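Let's take a walk through this model together, from the place where its chains meet to a few side-chain pairs further inside. Please keep the viewer open as you read.

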Amino acid sequence: MSFSIYSENQFSWTPQTNPWVFSEYSMMWFKSYRITFACLSRMKIYRYPWTRLYGTSQTTVDSSEIKTFVALAHRWWDEQGVYAPLHSMNDLRVPFIRDNLLKTVAHHQPGKPLSGMKILDVGCGGGLLTEPLGRLGASVIGIDPVDENIKTAQHHKSFDPVLEKRIEYRACSLEEIVEETAETFDAVVASEVIEHVIDLETFIQCCYQVLKFGGSLFITTVNKTQLSYALGIVFSEQIAGIVPKGTHTWEKFVSPEKLESILESNGLSVHTVAGMLYNPFSGYWHWSENTSLNYAAHAVKSMRQEPPVPAGFVFTGKTEELHDKDSINPGVQEELKK
Amino acid sequence: AAPAAAGRGPLLSCRRWSGAKADTLYDVVVSGGGLVGTAMACALGHDIHFSDKKILLLEAGPKKVWEKLPETYSNRVSSISPGSATLLSSFGAWDHICNMRYRAFRRMQVWDACSEALIMFDKDNLDDMGYIVENDVIMRALTKQLEAVSDRVTVLYRSRAVGYTWPYPFTMADSSPWVHITLGDGSTLQTKLLIGADGHNSGVRQAAGIQNVSWSYDQSAVVATLHLSEATENNVAWQRFLPSGPIALLPLSDTLSSLVWSTSHEHAAELVGMDEEKFVDTVNSAFWSDANHTDLIDAAGSLLQSAVAFLKPTKVSARQMPPSVARVDAKSRVLFPLGLGHAAEYVRPRLALIGDAAHRVHPLAGQGVNMGFGDVSSLVRHLSAAAFNGKDLGSMSHLTGYETDRQRHNTALLAATDLLKRLYSTRAAPLVLLRTWGLQATNAVSPLKEQIIAFAS
């Protein structure tokens, strides 16, 4: 049943209809990101009414799938479990965020270096990155389209009175809160999210809108290279089981060059791009010169106004189709890049 | 298990712990207010990344009130290595010690009673090898620094923990993730990390079910404060290995030294019971008498010695004699039993062991409290980095870093000390020969001695 919805929404997914993909994990992951896509499609409808509408059926989450959500939702906080690589990634991403934010302030309170900062964690999942940021003193809002993830995150922070005060979770997508939170955040964190988003351009624009002037955007994601296919998909998902099967789709990976161009064209000036490498034997991440697998980026909002809207309108239809065409044929995008 | 997370709101009180809502939640609780436990609480309290954290120190005994430094020296002293001194100065306790009293020593002579072999440790540069400080002085300095951070560190005296409840692994959604501690007066508290510093009979370690390898030595240590016959520079630490056990003389002042004599239980009881004159004579003859020498060993020893002198003509270590003792302080003779202990695991989720709770060692190398202070240094370093990264303090990821760090060092030292104790507890000729030659050879190889000093610092 979900089959047909995919083929309507994203024509590219035909390569994905291999039987092995539809294990329980992939059902859950595809479902949760289908919700995101549905929201994004709706948003597209409002802003660009002349773009083609792909029938989006409302999300009626299957009761059988609730169990899958719950089963996996509990796994977020097992440091040696399925999400262990994300836990150990905190050793890189928290200092990355913290140090770059500390550069923007003259003094900071010892013990609470990020106090006074408002941070948005998009796609927070179970709150793995949200909690350390809260412990460092920031006021954090964590959002995730999957209800169960938010429930797990709420439950986990409920035991710690300090975190209860500093962190707020909401089950929604970024577009839904753009209006009410325009220009309110000192930092937006989108860690391991953009490789699951269908419309990166819009996503970045929303990030731009919610950031204060001079605010920072932190992104960590996977590069789109042959190496990332071999190691990130084939090895990690299918062979070694480091990442649950079906979590990622290679077509949706974003190269640093593409990300940089989207960021720059949307008023965010890129300060840092750094490669990250995971050692599956030790379980630790390391910074690296090499960005061909995972990488982190830091960009700062540096243009006061949005890029002129009419220009965007004229080209959007084409860019949307361009994106769609890209997703049909991944090879094309590579050629386009060259 | 029912998917509890789906239906209910945040869990504040659970059927297991009623009143959990009212419990204070601490970031770190240190159980045991001895030298190592107090140093831990102090170091965390002064750490910059712990500025907004709540720390609690639980001590079973009463608070010691000091008006001023007593004139008589205490009989319990510790040899503080330079590394430990660095730790103590990192949070300002060393300055207090300097203002009270301590004795630096520059040289250490260790020799055998059964032969002429000896080893002399000294630093070529004018650095101190170590410091002899009374335990009471160290405690006083630590307590003063603890009071300086009383906004972050709370100390509960006369509080003994009687029960611990450990957190379930993450999958039990309904249960509190913290460690719950019940005190003797019935009150309870919760903590994100429990540090066990409660000595070699650690209640924390037993409650956690951590395996402990331990055995008692057939020895007790006798300590006393001795008055020397004449005032000397007194900056040398002396230790002689008698067949019954090592006897050590540690400098306290120009006229005073501290005695630590490990010997059999019967002999120890005898020493503590005998009258003062006889005791003084026994101590002097223990250091000076050559009654245990045998011709065979003497001949073998001088053979190697001439070989060494031939190869390294410049270095000559003649055996020096320690100062002679005139009297002993009244009521300063005390004995306590000795043993070895080592915990199989130093850490569990939300639990870390430091000091004697993790390892117990023979005093012959003067390393006991230094190993404990080394544990404090390492754990504070790991916890500070974790706090600056916003990590959950009880997370195993950095606790295992501390465990690996310290187990490597402590296991080696424990094994070496035990080996030395056994090697020197015998009169059997082959072993005496082995250790004589071994000691002489080690004495001749300066880089090796430097390594030993570095390891024990």
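The paragraphs below start with the ground rules, then turn to the interface, the annotated sites and the salt bridges.

This is a predicted model, in which local features need pLDDT of at least 70 and side-chain atom pairs count only at pLDDT 80 or more, while totals for chains, interfaces and linings use all residues. Residues are numbered from 1 along each chain as its sequence is written, chains are lettered from A and ligands numbered from 1 in the order in which they are written, and side-chain values use heavy atoms, with hydrogens and water left out.

Let's begin where chain B and chain A touch. Chain B brings 28 residues to the contact and chain A brings 26 residues, where contact means heavy atoms within 4.5 Å. The size of an interface is often given as the accessible area lost when the parts come together. Here the area buried between chain B and chain A is about 2,300 Å², and carbon and sulfur atoms give 58% of that; buried area is the accessible area (1.4 Å probe) that two parts lose on being put together, summed over both.

What about charged pairs across this boundary? Between chain B and chain A there are 3 salt bridges, a salt bridge being a side-chain nitrogen of Lys or Arg within 4 Å of a carboxyl oxygen of Asp or Glu. Lys391(B) forms a salt bridge with Asp91(A), with 3.6 Å between the closest N and O atoms. The interface of chain B and chain A also has 6 residue pairs in polar contact, both residues at pLDDT 80 or more. A polar contact is a pair of N or O atoms within 3.5 Å; within protein, one must be able to donate a hydrogen and the other to accept it, and residues adjacent in sequence count only if both atoms are side-chain atoms.

On the side of chain B that touches chain A, the elements giving two or more residues are α1 (4-7), α10 (368-388) and α11 (396-423) of chain B. Helices (H or I, at least four residues) and strands (E, at least two) are DSSP runs, numbered from the N terminus. By class, that side of chain B has 15 nonpolar, 9 polar and 4 charged residues. For this sorting, Ala, Val, Leu, Ile, Met, Phe, Trp, Tyr, Cys and Pro count as nonpolar, Asp, Glu, Lys and Arg as charged, and the others, Gly among them, as polar.

Now for the annotations. In chain A, an unreviewed UniProt entry marks Glu192(A), Glu195(A) and His196(A) as "binding site"; UniProt positions are given in the numbering used here, feature names are shortened, and annotations may be inferred rather than shown by experiment. Glu195(A) sits in the loop between β4 (185-191) and α9 (200-210) of chain A, and His196(A) lies in the loop between β4 and α9 of chain A. Is Glu195(A) buried or exposed? Glu195(A) is buried, because its relative accessible area is 1%, and His196(A) counts as buried at 7%; buried means under 20% relative accessible area, exposed over 50%, partly exposed in between (1.4 Å probe, protein chains only). Beyond its neighbours within four places in sequence, Glu195(A) contacts several residues, including Thr220(A), His248(A) and Phe253(A). In chain B, the unreviewed UniProt entry places "domain: FAD-binding" at residues 341-415. The end C-alpha atoms of residues 341-415 of chain B are 11 Å apart, and the span is 55% helix and 13% strand.

Lys151(A) and Glu148(A) form one at 3.8 Å, N to O. Both lie in helix α6 (residues 147-157) of chain A, 3 residues apart, about one turn of the helix. Lys151(A) is partly exposed at 31%, whereas Glu148(A) is buried at 10%.

In chain B, Lys421(B) and Asp218(B) meet in a salt bridge at 3.5 Å, N to O. Lys421(B) lies in helix α11 of chain B and Asp218(B) in strand β12 (residues 212-228) of chain B, so the pair ties together parts that are 203 residues apart in sequence. Lys421(B) is buried at 9%, whereas Asp218(B) is exposed at 53%.
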